[in-house]
Amino acid sequence: MDRETLADWLAEGRSIESIARETGRAASTVAYWVNKYGLRSQHAKQHASRGGVEREDLEALLAEGVSIRAMAERLCVSYTTVRHWMAKYELTTPRGRRLAETASARANGAETTEASCPVHGHTLFVRRGADGFRCRLCRSSAVHRRRREVKRTLVAEAGGACVLCGYDRGLSGLHFHHVDPKEKAFALSRQGVTRSLAAARAEAAKCVLLCSNCHAEVEAGTAKLPAALLL
Ligand SMILES: [Zn+2]
Ligand SMILES: [Zn+2]
C-alpha cells in the first residue's frame, strides 16, 4: 500500500475498516501500513477519547456475519465496547436476533417458533435440546448431508458399482437390495442410513448393490442375481 493514498484516505476521515473493505485487505494489514508510515487514523483518536465505534463499520462486519468477539478484534476495541455500541445503534447479530425472537417460545416450552435464519430468512424453527431452537430447513439439510455421507461410505464398501451391470456413475442411482427379502430390517436407501453407521453397515452386509434399472428388473424377476451372491 502506498503512503500517499493511505494518507489521503485517512485525511478524508476514512476508518481503517472502510479502507480495508475498499482495498480488499484485512484491517490488520491496513493498520500495519498506517503504523509503518507513521500515519494515524482520525478515528483512532476519536476511539481513544470516547471508546467509539462507527456504525458503518459495525454494519459492514455484521453483513460479513462476524461474531462480536471477532468484531472487537478487527476494530481493536474490547468485547464490551462492541456490545455497548451495538446496543447504542440498536444493531443485533443474527445469533442475538434469533435468541430474542425465540425467547418467548423458550420460556413457554413451545416446540416450534418462527425466527430468522441467516441462510433461509424468516422461517420455522424447531426445538433442539432443552433451551435451543434450530432452523428446520438447516436441520433437514444437515440430515440430508449425513445420509449421503453414510451412503457414500456403504456404497464404497460394497464395491461402488452395480453387481449386475457395473453402473457406478451416481450415488442416487445405486440401491442396496436385500438378498433375502425376509431379512429386510429397514430400507437402507432411505431412513435407514440415519441410524448409526455401524447399524447401517450390518444391514448393508445382507445386501447387494444394484443400479435403479437392474434393481427394478431383479424385483420384477426379469433379472437374476448371480448365484455366488446368494450364498
Ligand atoms: Zn436455515
Ligand atoms: Zn445395474
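**View 1. Glu 64 and Arg 74 pair up in a salt bridge at 3.2 Å, N to O.** A salt bridge here is a side-chain nitrogen of Lys or Arg within 4 Å of a carboxyl oxygen of Asp or Glu. This pair ties together distant parts of the chain, with Glu 64 in helix α5 (residues 55–64) and Arg 74 in helix α6 (residues 68–75), ten residues apart. Helices are DSSP runs of H or I, at least four residues, numbered from the N terminus. The model is predicted, so local features need pLDDT of at least 70 and side-chain atom pairs pLDDT 80 or more, while totals for chains, interfaces and linings use all residues. Residues are numbered from 1 along each chain as written, chains are lettered from A and ligands numbered from 1 in written order, and side-chain values use heavy atoms, leaving out hydrogens and water.

**View 2. Arg 21 and Glu 17 form a salt bridge at 3.9 Å, N to O.** They sit four residues apart in helix α2 (residues 16–23), so about one helical turn separates them. Glu 17 is buried at 4% relative accessible area, whereas Arg 21 is partly exposed at 32%. Buried means under 20%, exposed over 50% and partly exposed in between (1.4 Å probe, protein chains only). Both residues belong to a salt-bridge network that also includes Glu 56, Asp 57, Glu 64 and Arg 74.

**View 3. Arg 201 meets Glu 157 in a salt bridge at 2.6 Å, N to O.** Here Arg 201 of helix α10 (residues 197–204) reaches Glu 157 of helix α9, 44 residues apart. Arg 201 is partly exposed at 36% relative accessibility, and Glu 157 is partly exposed at 45%.

Note on methods:
Helix = DSSP H or I, 4+ residues; strand = E, 2+ residues; numbered from the N terminus.
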